[in-house]
Amino acid sequence: MKTLVLAAHDGKNLDDATARLVTAARQLGAPIDVLVIGSGIAAVAGQAAALDGVSRVRAVDADACATVLAEDLAAQLVAIGAEYRVVVARHDMLARAALPRAAVLADAGFLADVTAIPAADRFIRPMYAGGVVAEVAPVQDRLFITVRPSAFAPAGTTDAAVTVEPLAATVAPKRAKLVGREVAGGDRPDLTRARIVAAGGRGVGSAEHMKLVEAVADRVNGAVGASRAAVDAGFAPNAIQVGQTGKTVAPDVYLAFGISGAIQHVAGIKDARVIVAVNKDPDAPIFQIADIGLVGDIFEVLPRLASELPSI
Ligand code: FAD
C-alpha cells in the first residue's frame, strides 16, 4: 500500500514543509502520492509534481476548497484514504484537528509530531513535552501521522515531473464556518520558518514592553515569539506562543527574553541551532539549555540589542 503526503501551501506556492514531508514519507518505503487541496492550485500541484520521490499528484481544485476546515479535510482524507497505509501531514493546527478525526472515522491509528521514522513500522515522537522520546510501533494497519518538518531534510526536485490527476472534492456536512482570518506578525517572517526568533516571557511585564522585543526582531529581520505566560497575561497574541501547546520553531538563533525555560516552553525550541537567553535570575532553568546566557535585566539589554545588533 502507498503513502499519501498532504501538501502544505498558501494557495500560490508549495511550502518547503511539503518537500520535508516527502523525505519523511520515503522512510516508509512505499510509492508516494501527494494530495493538494485548494482553489486555483494548478501551480502548486505543478510544484508538488516536480518533487523527487513522488509517484503521482492528486489535486482537489474547487471553489469550496478555498478555505479548508478540519471537518472537510478529514472527510476528504477518509474518502481517498483506503488506498494508503500511511497519510502524512505537517504538524500544524489544521492537521492536528483533522487527522485524529480522519483516523477515528477510518478506524485507523493517529500519531502526532513524528520526528523520525527508523523503519516502516516504527515512529519516533516526543512525549510529556519532550521529556521522553518514544519509539512507537503502532498496532493499526493504517495510520494518520503529523510530522515535524524541521526534523527532515527537504526532498530535491526533478525535471521529470509526474502526472497531476484531478480529484473531486468531498465536503463534509457544515457544522462550522470560518468567520475571519487574522494574519499574525504583519510583515515579519513566519515564526515557524524564521531564521531568527526573538521571544518574550512574563519577565517582559506588559504588552507595551513587548515592543522592545519586537524592535530586536525587526533589527535582525526575525519573527517574534512569546511564552504561554506572556500570552496568558495579554502581552502577545496566542498565534505567536511557542512551546508544547504553541508553535514549534527551528531557527538558527532563538533569543529568549525574560523566559524561565519551563519544560513546556523548551519543547518548542529544542530544534533551534543556537539559544540565547537573557534572564535576571542566574538559576533560571533556561540557562541549562542556552548556548549563550546573559544574567541581566532585559530592560537594559533589549534597547541596546535593538540599536547595536547588526541590521539584517
Ligand atoms: P515565568 O516562568 O514566570 O518566567 C519569567 C522569567 O522572567 C523568570 O525567569 C524571571 O527571572 C525573568 N525576569 C523577570 N523580570 C526580568 C527582567 N527584568 N529581566 C530579565 N529577566 C526577568 N509555556 C510555554 O511557554 N509554551 C507552551 O506551549 C506551554 N504549554 C503548556 C502546556 C501545559 C499542559 C502546561 C501545564 C503548561 C504549559 N506552559 C507553556 C506553561 C509553562 O509551564 C510555564 O508556565 C511558562 O512557560 C512560563 O512562562 P515564562 O517563562 O514567560 O514565565
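Me: Hi! How far is an oxygen atom of the ligand from an N or O atom in the side chain of S227?
Reply: That distance is 2.5 Å, where a polar contact is a pair of N or O atoms within 3.5 Å. This is a predicted model, in which local features need pLDDT of at least 70, side-chain atom pairs count only at pLDDT 80 or more, and totals for chains, interfaces and linings use all residues. Residues are numbered from 1 along each chain as its sequence is written, and side-chain values use heavy atoms, leaving out hydrogens and water.

Me: And what about N279 and I298?
Reply: An N or O atom in the side chain of N279 is 2.7 Å from an oxygen atom of the ligand. For I298, a backbone N or O atom lies 2.9 Å from a nitrogen atom of the ligand.

Me: Switching topic, which residues touch the most other members of the largest nonpolar core?
Reply: They are V213, Y254, F257 and I286, in a core of 40 residues. Such a core is a set of buried Ala, Val, Leu, Ile, Met, Phe, Trp, Tyr and Cys residues joined through side-chain atoms within 4.5 Å, with buried meaning under 20% relative accessible area (1.4 Å probe, protein chains only).

Definitions and conventions. Buried < 20%, exposed > 50% of the residue type's maximum accessible area, 1.4 Å probe, protein only. Polar contact = N/O pair within 3.5 Å; in protein donor to acceptor, adjacent residues only side chain to side chain.
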